[in-house]
Amino acid sequence: MIPMTNKHIVLGVTGGIAAYKSAETVRRLRDAGAEVRVVMTRAATEFITPLTMQAVSGHPVHRQLVDTQAESGMDHIELARWADGVLVAPASANFIAKLAQGIADDLLSTLCLATEAPVAVAPSMNRQMWTSPATQSNLSTLQNNGIRLFGPASGAQACGETGPGRMLEAEELAALTAAMFETGELAGLRVLVTAGPTWEPIDPVRIITNRSSGKMGYAVATAAMEAGARVTLVTGPTALTPPERVDCIRVMTAQEMFDAVQQHITSAQIFVGAAAVADYRPAHAASGKIKRTADSLSLNLVRTPDILASVSALDPAPLVVGFAAETSDLELNATAKLRAKRADLIAANIVGQPGSGFEADENRLVLIDERGTLALPLLSKAAAARELIHHIAVLYHAKNSAENSRLAHRQ
Ligand code: CTP
């Protein structure tokens, strides 16, 4: 199963006997690395207590459409934005009918309408209810609307009958939820991502660095892996745990990052430079700690190598994607960087403002290439990374098919 490290999953529980399995579903989702928030309908609380769900998820259960405790009093919107994925398990026939009609009369149904994240339902009902024309037509509506269907399985039912309508087991639900994030768009390709800040030593205890947390680069590496690529992550010092199934190379200085990229880039078809590489480093790092004796002190700084530009200069070069962190004139500066560094795509964002950029969990990216500009909304870094990877995949496949037809023409 592909890991769901740091994925935000909303588990919706509706009224059905299979709700007794929901505690186990939370455990399996958390085992796979996901952070889980539980939303229960009123009927669900008749089958399993919110206290049980709170205990296994580690968070209070959400039950009300209007929650005066939530900052904005708009819990459904907050949760809808927070979610990377929504799993409704068990999904009753009634809930499936509501979702198919777009009825939003409680927290869970409203949340499903309000989210941009993928939504899946795991039906659980008596076999007659499952096979009824009404349920079947609601299910095809849901599937046409892009909602995924997990199961149901066939077998002995709580009502004593045997047939289709049994909810899948927790293990299967967790695996299918994880698979929602696998797109396969970069299957068979190798992607090299740089992330984090670099540390440039002044003396054995002091460094020059910047405020990069590495979150965006790590999210890009995760999204590329989920898109089927083999990913190498060259990372400066961060407090983050590297994504599973990604080859991680830790470096400290810009020069070390440059060397690691040079060593691994030849096998990559795509390069994403998300690191905030120090542009200058002290010309000489002092061998001992600099003492506080002088009234003033000057540091002589020299330029570090430009990693991104060095990758663009390779022949053949991979598809090159850079980031541009700007404090003003975003599009102008980013377009200049696209040309100066001969990149195929620049993901630009404003930094130095609260709520987006370096240390934040969300980011507002503007994607700029020679064809134009695409402004993404404010998204979690995970969602922004998925959008970016999708855009990169489209660009890569377009470039490659153009290249292939050019070669075919010459033959
Ligand atoms: N970059 C790099 N090597 C460097 C500096 C930057 O690979 N020595 C990459 C970054 O990873 C990013 C892109 O270049 O993808 C743009 O980084 P940024 O710091 O915004 O650009 P600079 O070239 O440093 O320009 P300036 O700081 O003057 O805006």
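Predicted model: local features only at pLDDT ≥ 70, side-chain atom pairs only at ≥ 80, totals over all residues.
**His391.** Skipping neighbours within four places in sequence, I find His391 in contact with Leu345, Leu367, Asp369, Arg371 and Leu374. His391 sits in helix H13, residues 381-410. Buried or exposed, I wondered about His391? The relative accessibility of His391 is 16%, so I log this residue as buried; the cut-off for that is under 20%.

**Helix H10.** Next I went to H10, residues 254-264, and checked which residues are buried there: Ala254, Met257, Phe258, Ala260 and Val261. They span an arc of only 165° around the axis, so I have them on the same side of H10. What do the buried residues of H10 pack against? My list has strands S8 (190-195), S9 (200-203), S11 (230-235), S12 (247-250) and S13 (270-273), plus helix H11 (307-312).

**Ligand.** I then turned to the ligand and got 15 residues around it, with Gly273, Ala275, Leu308, Lys337 and Lys341 coming nearest. I checked some backbone distances to ligand oxygen atoms. For Gly273, a polar backbone atom is 2.6 Å from a ligand oxygen. For Ala275, a backbone N or O atom is 2.7 Å from a ligand oxygen, and for Leu308 the distance from a backbone N or O atom to a ligand oxygen is 2.8 Å. On its own the ligand has 560 Å² of accessible area, and I note that the protein covers 75% of that.

**Shell.** Which elements give two or more residues to the shell around the ligand? I get H11 and strand S16 (319-326). S16 gives the most, with four residues. By type, I sorted the shell residues into eight nonpolar, three polar and four charged.

Technical notes. Residues numbered from 1 in each chain as written. Heavy atoms only, no water. Buried < 20%, exposed > 50% of the residue type's maximum accessible area, 1.4 Å probe, protein only. Contact = heavy atoms within 4.5 Å. Arc of directions from axis to C-beta. Near = heavy atom within 4 Å. Polar contact = N/O pair within 3.5 Å; in protein donor to acceptor, adjacent residues only side chain to side chain. Areas by Shrake-Rupley, 256 points an atom, 1.4 Å probe, with all protein chains shown as cover. Nonpolar A, V, L, I, M, F, W, Y, C, P; charged D, E, K, R; others polar.
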